[in-house]
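Good morning, and thank you for coming. Please look at the model on the screen while I describe a few of its residues.

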Amino acid sequence: MPKNIMIVPEQARAKGQLEFNPIPINQYDRSVGDELAAGRFTAEQLMRIQRDMMLIRAFEGMLDTVKKQGNYQGIEYNHRGPAHLSIGQEATAVGEAYLLSIDDHIYGSHRSHGEILAKGLSAIEQLDDEALMAIMRGYFDGQCLKVVEKDAKGPVKDLAIDFLVYGALAEIFGREPGFNKGLGGSMHAFFPPFGVYPNNAIVGGSGDISVGAALFKKVNRRPGIVIANIGDASAGCGPVWEGLCFATMDQFKKLWDEVHRGGLPLIVNFINNFYGMGGQPVGETMGFEVLARLGAGLTPDQMHAERVDGYSPLAMIDAIERKKKVIEAGDGPVLLDTVTYRFSGHSPSDASSYREKTEVEAWQQFDPLTTFGQSLIDAGVCTQADLDAMQQKIDAVILSAYKKAIDLDISPRADLIPAENLLERVMFSDQRVEKLAEGEPDVLMPLEDNPRVRQLANRSRSGLDENGKPRPKSRCIGIRDALFEAIIDRFYTDPTLVAYGEENRDWGGAFAVYRGLTEALPYHRLFNSPISEGAIVGTAVGYALEGGRALVELMYCDFMGRAGDEIFNQLAKWQSMSGGLLKMPVVLRVSVGSKYGAQHSQDWTSMTAHIPGLKVVFPATPYDAKGLMYSALLGTDPVVFFESQRIYDTPELFHPEGVPEGAYEIPIGEPDVKKQGSDITILSIGATLYRALEAAQTLESQWGLSCEVIDARSIVPFNYGKVIESVSKTRKILLTSDACERGSALQTMAATITNLAFDELDAPPVVVGARNWITPADEVEDSFFPFPADIIDAVHEHILPLKGHRPARPCNREELLRRNRLGV
């Protein structure tokens, strides 16, 4: 929404037509002899290409045999996990990796064993012995290296190949010396030191994550490119399209400053094997016919789209070389439609009943291992005996890795039974990092000159005057102001921090939290994104995996559904699936609405609390909001930060001195007693704090019941200590929030309190949440959300009868049975 981009009616309404440039299809036509004569490759390099393809084939052939026959070369092993093989696709992986350095990062799919090995073999070739030994010794304290170096012979590069093959296989077999300590497995294995970044079991999952990785390189001016290796069928997935729209935003080339201007350093490589499991995108499940044409629908330069013959490793090398030059000129991103074919099924259990055997046989006639090998013989590069000797050596490498990987004494699985086991330790990293990179942050003005900072300096830090009377909200620091203070301070400290989402720049955020940031920050640190909630979160995941910190926003809690995979399967899981290697410093701001009905007023805290790997907070006061935001923006874990639209302007009422001006942190997971009491404990989440306090005042003034009110502040993690201490005193507890009662986090808390304090309770914990309906109109929302009357009614019916009280509406045992019977 920058005002300098004028929308001119005469231009928008003018007659004309769009014209598209021809899209190259399989244009590479040089032979091995041509390349040798031109000096583009040496005989040694061509042999390495063949070797790499053969090694990948042997590796996956071994896995296929193990899955189907339960043994390899007579040595039995029952691999119960998945193995999605790319037999037939080796030339694509090797050709792509050939020119890539360790600064070039690839993100793949569930079918990425070949890409891991190809990229690793390319890195081994490029790195010197000292660098390779440093990587192997430093990776998880050399745990993988210790296994392979015991019987190692020959040069360091041979050792590194053993390391690569064994580390990948041990990971596939779920062994702790594997690349990700056995916690990633076949579909998620990766090795960052060689530029191999997370491979994704969700189809198209890397489609937006890779965009975030490229964004990190762009914003922080890091070397290298990013390649997303995703299947042709993923072109039908939402995250892929959202990622493409994000990657091709005009602002990169038109609005960012000169230093950062230019397209993202990204190649979206659709590895087109013509199948999505058993469905065929061409002729059946999609309509593009030639996938490369998709680029024409995204940018005027058509994303430099091209179809490449992925059965020729030299064609693939040529394409990567040319497209890297496009990116270096600032003209990315690029789309490749790489034609290949898998001889194997979707997985070893797939009998390929959806395709004719003659089709597979027809493609096998062009098997790159055979055709490229023969071309080397024809060009005088080698003899068949040379290739046979190479195969024998490769088979020995595979067999050695296999023997080590299946031996539980050499390659144990992580023991996940004891307390504080490996998986417990890596669910969260729990680190505090002031800044994720050295250097000064890019800002547009000194912090003290910011107009909003100067404005807030004239406001009261407390909502109460010296006599304890309320001050006008407009003269006090509210929750939105407290959040702003923490956020802008972190922008002036951490140079990697970026913020984006819908209406973040110029508008100041949908609810004015970011008002004042536009004046302070250049475009590459604060920008508007497409209305692509999945890509907003997915790109943040990629940005964090590369080493940056992202603060992203979903305008309404209800929009989390659009980003479900990215929140639940990506944001939450990569720290633990990496074995603790990677961090996920992402803060996802989510606004909980009111007044806007069924699709804009839902509290979905319970959904995020249910997913392991996410920290979840919901502050209800300015003091808590600022302190928790500091903790979130200093941490290394993903935090879903809920904020209620009802109370953005609420001032600080609980700390007499008000909201501190400087930085401070509130530990995530610690509840806070907002009112002392002795008869009943009320535990609230979010904005219901104020209704709970109102109910507590009524209970005290009319029935003499002293209520202790505790604000949860956090949902995950949650320290029950203060709650149990309170219940031990009051012996009764009621829990309340704006989330629908059924399946809410309150129910989990109530069950846990019952387990931990059963002997201390005079009555079961009582949950008062929103009704199990859609959210109705604002005019009747008091029938839906918990209000003070509902809390008092629940106390009367389920905890302690209140003399003379008549419930506003039924909530007794019979009524609860009726509601549950009807599902409402």
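Predicted model: local features only at pLDDT ≥ 70, side-chain atom pairs only at ≥ 80, totals over all residues.

I begin with proline 333, which lies in the loop between α13 (313-328) and β8 (334-339). Helices here are DSSP runs of H or I with at least four residues, strands are runs of E with at least two, and both are numbered from the N terminus. The peptide bond from glycine 332 to proline 333 is cis, and its omega is near 0°. A cis bond also joins valine 716 and proline 717, with omega about -10°. Proline 717 sits in the loop between β18 (714-716) and α27 (721-730).

Residues are numbered from 1 along each chain as its sequence is written, and side-chain values use heavy atoms, with hydrogens and water left out.

Let us now consider the whole chain. It contains 30 helices and 20 strands. Its radius of gyration, taken over C-alpha atoms, is 30 Å, close to the 28 Å that the globule rule (2.2 Å times the number of residues to the power 0.38) gives for 824 residues, so the chain is as compact as a globular protein of that length. Along the principal axes, the C-alpha atoms fill a box of roughly 100 × 70 × 50 Å.

How much of the chain is buried? Buried residues account for 61% of the 824 residues; buried means under 20% relative accessible area, exposed means over 50%, and partly exposed lies in between, using a 1.4 Å probe and protein chains only. A contact means heavy atoms within 4.5 Å. Among contacts between residues at least 6 apart in sequence, 78% join residues at least 24 apart.

Phi of glutamine 302 is near 60°, a positive value in a residue other than glycine. Histidine 304 is found in the loop between α12 and β7 too, and its phi, near 50°, is likewise positive in a residue that is not glycine. Are these residues buried or partly exposed? Glutamine 302 is buried, with a relative accessible area of 4%, whereas histidine 304, at 21%, counts as partly exposed.

Asparagine 273 belongs to the loop between β6 (266-272) and α12 (281-285). Because its relative accessibility is 5%, asparagine 273 counts as buried. Which side chain does it meet in a polar contact? The partner is glutamine 89, at 2.8 Å. A polar contact is a pair of N or O atoms within 3.5 Å; within protein, one must be able to donate a hydrogen and the other to accept it, and residues adjacent in sequence count only if both atoms are side-chain atoms. Beyond four places in sequence, the contacts of asparagine 273 include Arg111, Asp232 and Tyr341.

Alanine 535 lies in helix α21 (residues 533-545) and, at 0% relative accessibility, counts as buried. Not counting residues up to four places away, alanine 535 touches Asp208, Glu242, Gly243, Phe246 and Ala540. Leucine 554 lies in strand β11 (residues 550-554) and is also buried, at 0%. Leaving aside neighbours within four places, the contacts of leucine 554 include Ile536 and Val537, as well as Phe559 and Leu588.
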